[in-house]
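Hi everyone, thanks for coming.

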Amino acid sequence: MDTTDQLHEIEATDWQRGVYDDIKRTFRAPFINWIFRTTMANYPTFLRYAWGQLKPVFDTRGFARFSVEYRDEILSTVEESAELPTYRCEELDVVPSEYRELMGQLATFDIVAPRLAVLFEVMDRALHNNTIGENPNTSRHATAPFPDWLDADRGLSPTMVGLDDIPSELDDEISRIQAFHGFDDGLPSIYRCLAQWPALLKSMWSDIEPVLESDTFERACGEANERIQGYVETLPYWPQLTPEALSQVGFDEPTIEDVQGLFHEFNRGAVATVIPALPLYAETVNSTGIRHIP
């Protein structure tokens, strides 16, 4: 798989554009994540099939509850012994319109965090024949529809600085960010977004780095992961994405091995500290969503 190859939303047509539209509606996010763009570019038929299997995982009230509990788990754990920085517009070197843009873009990262966490876990498990939904939740909310109001229309599509265009004044911060998250040369989208405001990223990383490096954040990551495992183990639906199921519908072994490697890397790799950090960045500008749902 060529992970540098992507099908961007503006280039998608016909059924591929329809799948992207459906992913955005289901994820409650105004953009298409990299994982979908690169899978669509390399194996479009696989993504079409996989999305049909995955969609019910995210479209229930049970997932709605999980998504807010995931956010609260991380923030509550960190808040027990650390104080997150907060930034008002007048404290930053940005004009009000830029501050509103910043809030909206960080809100989008907050929205997608629990969705990506579950996506990677479900895909990794299914593609490697590990169990999903071994103890299915039998309550009404497990299969009831996702509430229309939750996470509706509160995010903005993120804009990002290209890796080759990141200002040199951020070299030290980028090196420290890569070292913390375990990236050799790449950079997570959240930081390429924040790099649009170099002075802000400098200040924000200086303030939040000690929090991320603390035992408290490590514990928050562990507790968030336990919540992910608990949700996946109680899923009422079982996506048919095992190697055997994929083979039966016509996918060949090289394709299956490629997607196995891709999703395993994301589920067990550096993003294990990136995704739990997303609500923290949103919280610094009061852009996190609700933390409790009836």
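At what angle do helix 5 and helix 12 pack, and how far apart are their axes? Before the answer, a word on the source: this is a predicted model, where local features need pLDDT of at least 70, side-chain atom pairs count only at pLDDT 80 or more, and totals for chains, interfaces and linings use all residues. Residues are numbered from 1 along each chain as its sequence is written, and side-chain values use heavy atoms, leaving out hydrogens and water.

So, the pair. Helix 5 (residues 96-127) and helix 12 (residues 271-283) pack at about 160°, with axes 8 Å apart. Axes here are lines fitted to C-alpha atoms, for helices over the stretch in contact, and angles run from 0 to 180 degrees between N-to-C directions. Helices are DSSP runs of H or I, at least four residues, numbered from the N terminus. The two helices are therefore roughly antiparallel (an angle over 145 degrees).

Who makes the contact, meaning heavy atoms within 4.5 Å? From helix 5, Leu 106, Phe 109, Asp 110, Ala 113, Leu 116, Ala 117 and Phe 120; from helix 12, Ile 275, Leu 278, Pro 279, Tyr 281 and Ala 282. They divide into eleven nonpolar, no polar and one charged. Nonpolar covers Ala, Val, Leu, Ile, Met, Phe, Trp, Tyr, Cys and Pro; charged is Asp, Glu, Lys and Arg; the others, Gly among them, are polar.

Now let's zoom out. The protein has twelve helices and zero strands (a strand being an E run of at least two). Its C-alpha atoms fill a box of roughly 55 × 40 × 35 Å along the principal axes. Of the 294 residues, 54% are buried, that is, under 20% relative accessible area with a 1.4 Å probe, protein chains only.

Methods
Parallel < 35°, antiparallel > 145°, perpendicular 65-115°, else oblique. Contact = heavy atoms within 4.5 Å. Buried < 20%, exposed > 50% of the residue type's maximum accessible area, 1.4 Å probe, protein only.
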